[in-house]
Amino acid sequence: MARVLNFNAGPASLPIAALERAQRELLDFEGTGMSIIEHSHRGKAYEAVHNEAIGLLRSLLGIPESYEVLFLQGGASHQFAMIPLNLLPPGQSADYVITGGWSEKAYEEAGRIGTVRVAATTEEEKRYRRIPKPEELALDDKAAYVHLTSNNTLFGTQWQAFPEVKAPLVCDMSSDILGRRIDVSKFTLIYAGAQKNIGPSGVTLVIVKKDAVAAARKDIPVIFRYETFAKNNSLYNTPPTFAIYLVRNVLAHLAEIGIDAIERQNEAKASALYGALDEMSDYYKAPVEKASRSRMNVVFRLPSEELEKKFVADAAKANMVGLAGHRSTGGIRASLYNAVPLTWVEQLVDFMRAFRKG
Ligand SMILES: Cc1ncc(COP(=O)(O)O)c(C=O)c1O
């Protein structure tokens, strides 16, 4: 089997155990004579998978009973609208901390629905090289909520510790959820598109305080209300059953490792790559401030765009794919999500050393 070393930013590498399980179970799911995709979402077979996925999330992330765990559709981008629709009533405003392209989009979308404020930005000529310091946050304690992006997939920055805020904290964790231990109780709402650490694209995870769901706006269409999905265990309409099945497979695999071991693995991978970048800083430039470095998406530049193109092409010949930076930023980006093993990072570092020598 010729599998490549996949450093894609998302959709991204998935644990081989989760994929092999899907392969084994595809034609005949647990002796039912059909695949899970062909089962009714109202049937026992699918419902068990659905509930197992929710249970695994609860245990892996330590989600308290006072929170709903929802599977929605439309990606994280859909949440950019759904959050203000539910949580931002007229007469109040919401604070956004802008740390990259995704928080910009979240802020702009919310501005189409209600009143929004920029509580801080590290834009500085569109480079977003860092996470703001706590003293730079100009927060409105009466805000309906404060929105953060925990890991900035495009620019390779990550909140190392979350700020203490008075207003309810809402966080886009699309690109680092399940990559480290978090204290869910600090947040009112956490959301993430699945296609990095959770599973395939097509399903969005929302973890939201039951109180917030109860207090959310009711003057919006039923399909946009968190309450609709909370009351129906995310089975109000047909969910993306195959995507959720694969999420179950990924989570079952992660549960065998445990969140603390996953975090340690991610630290080891990131320090191997950043260590190499620092050591070869005459050639490779890591633009992100050290204190803001992401463990999930490592971005760097080479001396010229020509060399960057050659780097990506030569890496592909060496079986390493997904290393081109985002189309809006350029450069190189290696995404080190949970399914990327340390050995891949070591191979990448060896390749970088050889490439630099020419
Ligand atoms: C941090 C972050 N937020 C939001 C998105 C948008 O996600 P989606 O494509 O699921 O709408 C992405 C996509 O990569 C992301 O990395």
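Reader: Which helices each supply at least two residues of the lining of the largest pocket?

Author: This is a predicted model, in which local features need pLDDT of at least 70 and side-chain atom pairs count only at pLDDT 80 or more, while totals for chains, interfaces and linings use all residues. Residues are numbered from 1 along each chain as its sequence is written, and side-chain values use heavy atoms, with hydrogens and water left out. Helices (H or I, at least four residues) and strands (E, at least two) are DSSP runs numbered from the N terminus. On a 1 Å grid over the protein atoms alone, a pocket is an open set of points with protein on both sides within 12 Å along at least five of seven lines, a cavity is a set where a 1.4 Å probe fits but cannot get out, and lining residues have an atom within 4 Å of a point. Here, α3 and α4 (101-111) each supply at least two lining residues of the largest pocket.

Reader: How many residues line the largest pocket, and which lie nearest its centre?

Author: The lining has 33 residues, and Trp-102, Thr-153, Leu-154, Lys-196 and His-326 lie nearest the centre. The pocket holds about 540 Å³ of space, a volume being the space filled by probe spheres set on grid points joined across faces, edges and corners. The space taken by the ligand is this largest pocket, where a molecule counts as sitting in a pocket if more than half of its atoms lie within 2 Å of the grid points.

Reader: Which residues are closest to the ligand?

Author: A residue is near a molecule if one of its heavy atoms lies within 4 Å. The ligand is surrounded by 13 residues, the closest being Ser-77, Thr-153, Asp-172, Gln-195 and Lys-196, and helix α3 (residues 75-87) gives the most to this shell, with 4 residues. For polar contacts (pairs of N or O atoms within 3.5 Å), a ligand oxygen is 2.5 Å from an N or O atom in the side chain of Thr-153, and a ligand nitrogen is 2.6 Å from a polar side-chain atom of Asp-172.

Reader: What does the largest cavity contain in terms of space?

Author: The largest cavity holds about 40 Å³ of space, and the count comes to 1 cavity of 30 Å³ or more. Its lining includes Ser-13, Lys-196 and Tyr-337.

How values were computed: Polar contact = N/O pair within 3.5 Å; in protein donor to acceptor, adjacent residues only side chain to side chain.
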